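Hello,

Here is the structure I promised to pass on to you. Please open it beside this email, and then read on for what turned up in it.

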Amino acid sequence: MSAAMDEDRERREELIAAGYTDRRGALLFSALMTAVGAALGSVVFAILLLFLVPGSSETWATLAGALSGALMGLALALLKVRQGNTEARELVEDKEWKRILRRERGKSL
């Protein structure tokens, strides 16, 4: 059981070294991007909403802009974390395959 735990620990360390984002990091990054999206959306999207719907109130446009910006920031954060984690997994798997191939070549010689 200890060998399996060591392998799991080594794999986690390799993933972290390759840029894998764990749950806590993903949560923090998502929260940051949501806050930035809300801040930018409350200005940019609010201006666009006021331009597109001239009779709307500024409060409604600001709230709608903040919400849409927050959702966009959250979506971007989740996509980036997923993409980065996929790349990190692929990098670690490639290294593992190279190790296996080297080991097999060494045995055949």
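Val 43 sits in helix H2, which covers residues 23-52; helices here are DSSP runs of H or I with at least four residues, numbered from the N terminus. With a relative accessible area of 47%, Val 43 is partly exposed, a class that lies between buried (under 20%) and exposed (over 50%), using a 1.4 Å probe and counting protein chains only.

Before going further, please keep in mind that this is a predicted model, where local features need pLDDT of at least 70, side-chain atom pairs count only at pLDDT 80 or more, and totals for chains, interfaces and linings use all residues. Residues are numbered from 1 along each chain as its sequence is written, and side-chain values use heavy atoms, leaving out hydrogens and water.

Val 43 also belongs to a nonpolar patch on the surface, together with residues including Phe 29, Leu 32, Ile 47 and Phe 51. The patch has about 1100 Å² of accessible area in total, by the Shrake-Rupley method with a 1.4 Å probe, where for residues only the protein chains shown count as cover. Patch members have over 30% relative accessible area and no salt bridge, and nonpolar side chains (Val, Leu, Ile, Met, Phe, Trp, Tyr) are joined within 5 Å, like charges within 9 Å.

How many salt bridges does a search of the whole structure find? There are two, each being a side-chain nitrogen of Lys or Arg within 4 Å of a carboxyl oxygen of Asp or Glu.

- Glu 96 meets Arg 11 at 2.8 Å, N to O. Glu 96 is in helix H3 (residues 58-108) and Arg 11 in helix H1 (residues 2-17), so this pair ties together parts 85 residues apart in sequence.
- Arg 99 meets Glu 14 at 2.9 Å, N to O. Arg 99 belongs to H3 and Glu 14 to H1, so these parts, too, are tied together across 85 residues of sequence.

Best wishes

Technical notes. Helices (H or I, at least four residues) and strands (E, at least two) are DSSP runs, numbered from the N terminus.
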